[in-house]
Amino acid sequence: MKKTILALALIASTSAFADVKAGKFGMGFSYAGSWAAFTTTKNTGSSSGISQGMPTANAQYHITDMIAVAANVGFFTTNYRDKSSLDAQGFNGQIKEYSATAWSAGLEIPLYLAKFNLLNFYVAPGFSYTPYKVTTTTTNVSATGVQTTPANSPSTSTSNYLSIYGVIGLQVAINDQLHAFGRTTIGYASGTYNSGLQESTDSYFGLQSWAVGALFYFN
């Protein structure tokens, strides 16, 4: 009985499912985090900017048993119409409409450093680039309901952010096609914000994001 238990433990600790393998290609899906497509806490308008992270899709290819490459991409567009300054009759104030578009791209190099039974430990250097644009259209509404557009409307602001970071992660194989993971990132992000009149800058250093999720391999 003791020999059987030892044999099963040995099989578990050397299982092929525990190892990431050269040539594997898959996609990752995460919860409550992002694949580190990071800006900073800068926002560009009411409900229209990005704060900290953008959800992204991930594709990963294992070059060797220890080294992989992962690409992350994201995109969104949104519109927000603000009538909060108008009176109860919908007159005498301003209507502001915000239209935002953003995308992101990032690259990581996961390095698998250690295996603990079925658990793989990895680190990854990475970087991401995230630009976005917000167009603000203002409409003045008179007390009689007449609508006029100011000469400076619409106005456009742009932001561009670059993040350089490191990943610390754990990955476990449920089977050959399905792996679960948990990860966190720490790094530096900086960016510029241009309102059309002047340019501002901001930066951030520290823990950037965390995520738990799954990797689905196609081979």
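Student: Is W103 buried, partly exposed or exposed?
Tutor: This is a predicted model, and in it W103 counts as partly exposed because its relative accessibility is 41%.

Student: Which strand holds W103?
Tutor: W103 belongs to strand β4, which covers residues 93–108.

Student: And what is W103 in contact with, neighbours within four places in sequence aside?
Tutor: Its contacts are M54, G74, F75, Y129, T130 and P131.

Student: Let me turn to aromatic pairs. How many does the structure hold?
Tutor: The structure holds six aromatic pairs. One of them is formed by F29 and F216, with 5.8 Å centre to centre and 65° between the planes, an edge-to-face arrangement. This pair links distant parts of the chain, as F29 is in strand β1 and F216 in strand β10, 187 residues apart.

Student: What about W103 and Y129, how are their rings arranged?
Tutor: The ring centres of W103 and Y129 are 5.7 Å apart and the planes are at 70°, so the pair is edge-to-face. Here too distant parts of the chain are linked: W103 is in strand β4 and Y129 in strand β6, 26 residues apart. Y129 is partly exposed, because its relative accessible area is 34%.

Student: Staying with β6, where does T139 sit, and is T139 buried or exposed?
Tutor: T139 lies in strand β6, which spans residues 119–141. T139 counts as buried because its relative accessibility is 16%, and the cut-off for buried is under 20%. Leaving aside neighbours within four places in sequence, T139 is in contact with G93, Q94, I95, Q147 and T148.

Student: Now the strand pairing. How do β1 and β10 pair?
Tutor: Strand β1 (residues 25–31) and strand β10 (residues 199–217) pair in the antiparallel sense, over six bridges. Within this pairing, S30 stands opposite G213 in β10.

Student: And how many bridges join β9 to β10?
Tutor: Strand β9, residues 178–194, is joined to β10 by 17 bridges, and the two run antiparallel. As one example, Y188 has F205 in β10 as its bridge partner.

Student: What lies between β9 and β10?
Tutor: The two strands form a hairpin with four residues between them. G196, in the turn, has a positive phi of about 100°.

Student: Last topic: how much space lies in the largest pocket?
Tutor: The largest pocket holds about 280 Å³ of space.

Student: Which residues lie nearest its centre?
Tutor: The lining has 16 residues, and T136, N152, S155, T156 and S195 lie nearest the centre of the largest pocket.

Student: Which strands supply at least two residues of the lining each?
Tutor: β4, β6 and β8 (155–173) each supply at least two residues of the lining of the largest pocket.

Student: How does the lining divide into nonpolar, polar and charged?
Tutor: The lining of the largest pocket divides into four nonpolar residues, 11 polar and one charged.

Conventions:
Residues numbered from 1 in each chain as written. Predicted model: local features only at pLDDT ≥ 70, side-chain atom pairs only at ≥ 80, totals over all residues. Heavy atoms only, no water. Buried < 20%, exposed > 50% of the residue type's maximum accessible area, 1.4 Å probe, protein only. Contact = heavy atoms within 4.5 Å. 1 Å grid on protein atoms, 1.4 Å probe; cavity = no way out; pocket = protein on both sides within 12 Å on 5 of 7 lines; lining within 4 Å. Points joined across faces, edges and corners; volume = space filled by probe spheres on them. Nonpolar A, V, L, I, M, F, W, Y, C, P; charged D, E, K, R; others polar. Pairing = 2+ DSSP bridges. Phe/Tyr/Trp six-rings, centres within 6.5 Å; stacked < 30°, edge-to-face > 60°.
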